[in-house]
Amino acid sequence: MEEKALRSLIASVADGRLSRRDFVTRMVGLGLSAPLAVQMLTHAGVAVAQTPYAYKPTKRGGGGALKILWWQGATLLNPHFAVGTKDQDGSRIFYEPLASWDGDGNMVPVLAAEIPSVQNGGVSGDGLTVTWKLKPGVQWHDGKPFTADDVVFNWEYARDPATSAVTIAAYKDITVQKVDDLTIKITFKEPTPFWAQAFVGLSGMIIPKHHFENYTGGKSREAPANLKPVGTGPYKFVDFKPGDIVRGEINQNYHIPNRPHFDTIEMKGGGDAVSAARAVIQTAEFDFAWNMQVEDEILLKLEQGGKGKIAVVEGGNIEHIGVNTTDPTTEVDGERSSAKTKHPTLSDPAVRKALSMLIDRVSVEKFIYGRTGKATAAFVNNPAQFKSKKTFEFSIEKANKVLDEAGWAKGSDGIRAKDGKKLKFVFQTSINAPRQKTQAIIKQACQKAGIDLELKSIVGSVFFSSDVGNPDTYPKFYADIQMFTTTQPQPDPYQFLAQFTSAEVATKENKWQGRNYTRYRNPEYDKLHTASRSELDAVKRAAMLIQCNDIVVDDVAVIPVVYRPQVHAVSNALRARYSGWDSSLWDLSGWYREA
Amino acid sequence: MGQYLLRRLLIAVPSLLGISLVLFCVLALAPGDPFGELTTNPNVPPEVAAALRVKFGLDDPILVRYWRWLLAMLQGDWGFSFVSRVNVDTLIMQRLPATLVVIGLSQVLALAIALPVGVLAARKPYSIFDQIANTFAFIGFSLPTFFTGLVLILIFSIWLDWLPFVYRSDISATGWRWYWEHLRQAIMPMAVLALFQAASMTRYVRSAVLDVIRLDYVTTARAKGVGERRVILKHVVRNALIPVVTLVALQMPALFGGAIVTEQIFRIPGIGSLLISSILANDTPVIMAVTFVFSCLVVFFNLMADLLYGWLDPRIKFS
C-alpha cells in the first residue's frame, strides 16, 4: 500500500464514498491498529463522527446488581502494577484515564475536557508537546477534587524505575508539567507522531496523589490503597479478595449525569471459559463473561438456550506462524537458534514461499475457529486496490511447483531433499485444542507437498514463560516453525513491529528477552521502522508501517493464520459498548440493563 | 505418654525442615517465572521484570533464598505474594472459611453416611443391603469429582435451574437468608465431595467391621446374651475403628488443602484454588506457605491418630 493509494482512500472517506468503519477495518487488515487509522483520518481533516451511543436510563442508579465474570480473578488493583488483563479490568472499575479508545479506535474523553488536536491547539505542530485540559468538577471517591497535580504525580510515580510500574514505557521518555489546576502539558524528547500513550487507555489510568504520594519508588508495595482503590470511576470500592472477587457500589458523585445505572458491581474470577459461558448464556447467573476462548461450536450450542449471546470485539490479536531464520539444531556459544547461524533449508526463499502456500487458512477458520478467528480479516482479499500483493493463497499444487523449480526433489520416502538436506521441520505451539487441530491441518497439506512436519505441543505456562533454563519457551525457539497469538499492543503498531528489527533479536546474551524470536534481520526493514518513529505526517507514517508489515509477510518471516477478535458472553438484556483497543470495561459507566 | 509426645514432636522438626527444603528447591528449579507475563508483553520494557526480580530477591542463589524464607517464617512472617503483593497470611485467611465450610461439611456428611452404611453392610455380608451399598460405593469412587460435578451442574443448575453453580463468598443477604444462600451454593460441591469420600470410607468401614465381627470374643459376647446393639457398638465398632481413624486422620489435612478440582469447577474461593492459581503463576511464597502448612498438618494429624489408637485400644502402649 503506497502513500498515494492511502491518500486517495482517505479522500473517499472524506467525501463519503467509503464509510469510516470500512476504512478502519481495512487498515487493521493491513497490520495497523484502529487508533492509528483514526489518527490518519483526523490528520487529514476528516471530522470525527462518532456513532452516538444511546444511553437510555434517565436517572443514576436503580439498575440493581451488575455481575461480571472473568475466568481469572483480578489479583491486584493498582493500574500501574496491573500485569494481566484481569488486573487492568479490575482497576478500570475504580480508576479512569484522561481518555479511552472506543471500538472503532476513536479517542473518547473521560477525565479530559476534550481531546487535544492540532486544530484546538492541544497538539503542537512540531509534534513535541501535547496539552490536555482536564474536566472540571471531578471528585475522587473520598470527595477530594481531581486536579492537574494528580496527573503530574502519576507521571512521577510511573517513571521511577524503583516503583517498577508496568506502565513505565508510556512515561519514562516524557516530561509532564502543570500549567494550571486543570491543564497539563506533556513534552516529548523528539517529535512524537503517536502521542496518546501516556494518560490514555490501559496505561493511562490515574491514581490519586493524596493516597500514593508517601508510597513511591521502593515503598510502592506498602500503599494501603493498592488493595483499597480510591478512584474517580463510576463505582466505589467495597471489597476485594485477590484471585476471587472485586466488589463496588455506585458512586453518587460520578462526573457524568445519570450514570452509572447499576447500584452494585461484582467481578468474579476463577473457573474456566466454558462454564463462564454457561453462567451467562445458559443460566443467566451472570450478566457478562470476558474472553470466551471456547470453540465456536460449543458457543453456538449454548446460544440456542436463548438467555444470552456472544459479542465479537475486533482488536489486534493475530494467530501467526513464525519461521526460524536461524538453525535450531546447531549449538553455537551455548545457544541453539543462534543469530550467527543460518537455517539449512528455511533460508531458501522458495521453501518459505511454499510453506506459506500450504497453510489452509480458510479451513482453519471454517472448521476450528468459526466466529472466533477470521482468516479473511488480516492480510486479505480486500477490494481491488489492495489485492495486488496481499492475497494469501492455499495451493498444494503451486507449492509443489515452487519446490520442484527450486530443485527440491522428492525422495523414496516422499520427503523432498536437496544436497542431502531434507525438508523436515519441527512445528511447535502451546497446548490448546484449536492449535493442535490447526497443526494437524497444516501437517496434512505439507505432507502432500513433500514436507514432513513433526508436531510438538508445549504446556502454555512453559511455552509463554521467560524461563532462561527451559529450552521449550517461544523466545528460545528451538524449533523450525512455531505458532501462537501475538497481541498488538494498543494503540501504536510501531512497538508491535519492533519485533522484526535486528536490535530486538533474542539471544543468549540478552537472556532471550529480545522480542525478535524469528531472528529476522533486514537492514531495509530496520531503516524504515526507525524512520517511522518520528515521521509526523500521519498518512506517510501509516504507509511506512504498512510497508514494514509487507516486508516481513512477503519475506515469509511470519505467516499470519487467523485474526482473532475477542469474544465475550453477554446476557440478552445488557447494553454495553466494547473495545478491542482498550479495557473491556472502558465504557463501564455507560452499561445498562434493558428493562 | 508425655515423653512419647515430646519425642514425636522433636522428630517432627527435622522432617518438617526437610520437607520445606525439598519444596523450596523443587519450586526454585521448576520452569516458569512469576513475571513471565511481563516479559511477553511488548509494552513493558524488560528492565521492569529484571528490577522486580532484584527487588523480590529472585536472582539470589537458592540456599540464600531458602535461608531468608526460613528465618522470616520462624518469626511468623509468611512473606507476600509476588502476584498480588498481599501478605500471604491475609490471602490464606481470606480463603480458609470457604474451604472449611465446604470441605468440612462434606467430610462430616461422608462420615455420617459411611459409618452406619459400612457397619450395617458388614453385619450381614452379601445381603441385598450389602450388595446395594457396594454397588453405590463402587460407582462413587470410580466417578471422578469433575465428572459428577459437571453432571450435577447440568441437572440442578441448567435443566432444573434450582441451584447456582458459581460460588460467591460475598453474599449480601442477612439473617436466615444469608445462611440459606450459603447452603444453597454449597450443596452441590458438598454432595460431590461427600459422595466420593463416603464411597471409599464405606468400603473401609465394612472390611474393618467384617474383620472384627467374626472374632471369638464377639461370639462370646453374643453367647453371654449381650444385646445386639451393645455388641456392635461396644465390642465391634470400637475395635474396627482403628484403621478408619487412620484414614480419617490422614484426610484431615485435606480439609485445609481444599479440593482443587471441585473448587475449580464451582469457583469456590478456597485454598485449593489459591494453590493452583499460585502454581500457575509461579507465585513461590504462596505455594510455599500453603504446602508447608499442609505438611505441618499431615505431621500433626499423624500424631493425633497415633494418640487416638491408645484411647480406642488400651493394649496399645506408648513407650
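Mentor: Let us begin with the contact between the chains. In this predicted model, 40 residues of chain B are in contact with 43 residues of chain A. The model being predicted, local features need pLDDT of at least 70 and side-chain atom pairs count only at pLDDT 80 or more, while totals for chains, interfaces and linings use all residues. Residues are numbered from 1 along each chain as its sequence is written, and chains are lettered from A and ligands numbered from 1 in the order in which they are written.

Trainee: What makes two residues "in contact"?

Mentor: Two residues are in contact if their C-beta atoms, placed from the backbone, lie within 7 Å. By that test, 40 residues of chain B touch 43 residues of chain A.

Trainee: Which helix of chain B gives the most to the side that touches chain A?

Mentor: H3(B) does, with six residues. Helix H2 (36–39), helix H3 (46–55), helix H5 (88–123), helix H7 (145–159) and helix H12 (271–280) of chain B each supply at least two residues of that side. Helices (H or I, at least four residues) and strands (E, at least two) are DSSP runs, numbered from the N terminus.

Trainee: How many residues of each class are on the side of chain B that touches chain A?

Mentor: That side has 19 nonpolar, twelve polar and nine charged residues. Ala, Val, Leu, Ile, Met, Phe, Trp, Tyr, Cys and Pro count as nonpolar, Asp, Glu, Lys and Arg as charged, and the others, Gly among them, as polar.

Trainee: How many helices and strands has chain B?

Mentor: Chain B has 13 helices and zero strands. Its C-alpha atoms fill a box of roughly 85 × 60 × 40 Å, taken along the principal axes.

Trainee: Why is H1(B) called oblique to H4(B)?

Mentor: Helix H1 (residues 2–29) and helix H4 (residues 62–74) of chain B pack at an angle of about 130 degrees, with their axes 10 Å apart. Axes are lines fitted to C-alpha atoms, for helices over the stretch in contact, and angles run from 0 to 180 degrees between N-to-C directions. Angles under 35 degrees count as roughly parallel, over 145 as roughly antiparallel, 65 to 115 as roughly perpendicular and the rest as oblique. The angle of about 130 degrees therefore makes H1(B) oblique to H4(B).

Trainee: Which residues make this contact?

Mentor: H1(B) contributes Ser20(B), Leu21(B), Phe24(B), Cys25(B) and Ala28(B), and H4(B) contributes Ile62(B), Arg65(B), Tyr66(B), Trp69(B) and Leu70(B). By class, eight are nonpolar, one is polar and one is charged.

Trainee: Why is Gly79(B) called partly exposed?

Mentor: A residue is buried if 20 or more other C-beta atoms, placed from the backbone, lie within 10 Å of its own, exposed if 12 or fewer, and partly exposed in between. Gly79(B) has 18 within 10 Å, so the residue is partly exposed. Gly79(B) lies in the loop between H4 and H5 of chain B. Leaving aside neighbours within four places in sequence, Gly79(B) is in contact with Trp69(B), Ala72(B), Val88(B) and Pro285(B).

Trainee: What makes helix H3 of chain A "mostly covered"?

Mentor: Eight of the ten residues of helix H3 (residues 34–43) of chain A are buried, including Leu36(A), Val38(A) and Met40(A). H3(A) is followed by Gly45(A), whose phi is positive, near 80 degrees.

Trainee: How do you know that E5 and E6 of chain A pair?

Mentor: Two strands pair if DSSP finds at least two bridges between them. Strand E5 (residues 174–180) and strand E6 (residues 183–188) of chain A are joined over six bridges in the antiparallel sense. Thr175(A) stands opposite Thr187(A) in E6(A), and the two strands form a hairpin with two residues between them.

Trainee: Why are E13 and E15 of chain A said to stand at the edges?

Mentor: Three strands form an open antiparallel sheet in the order E13-E14-E15 (chain A). Strand E13 (409–410) and strand E15 (421–422) each have a single partner strand, so one side of each is left without a neighbour in the sheet. Two bridges join E13(A) to strand E14 (residues 416–418) of chain A, with Lys410(A) opposite Arg416(A).
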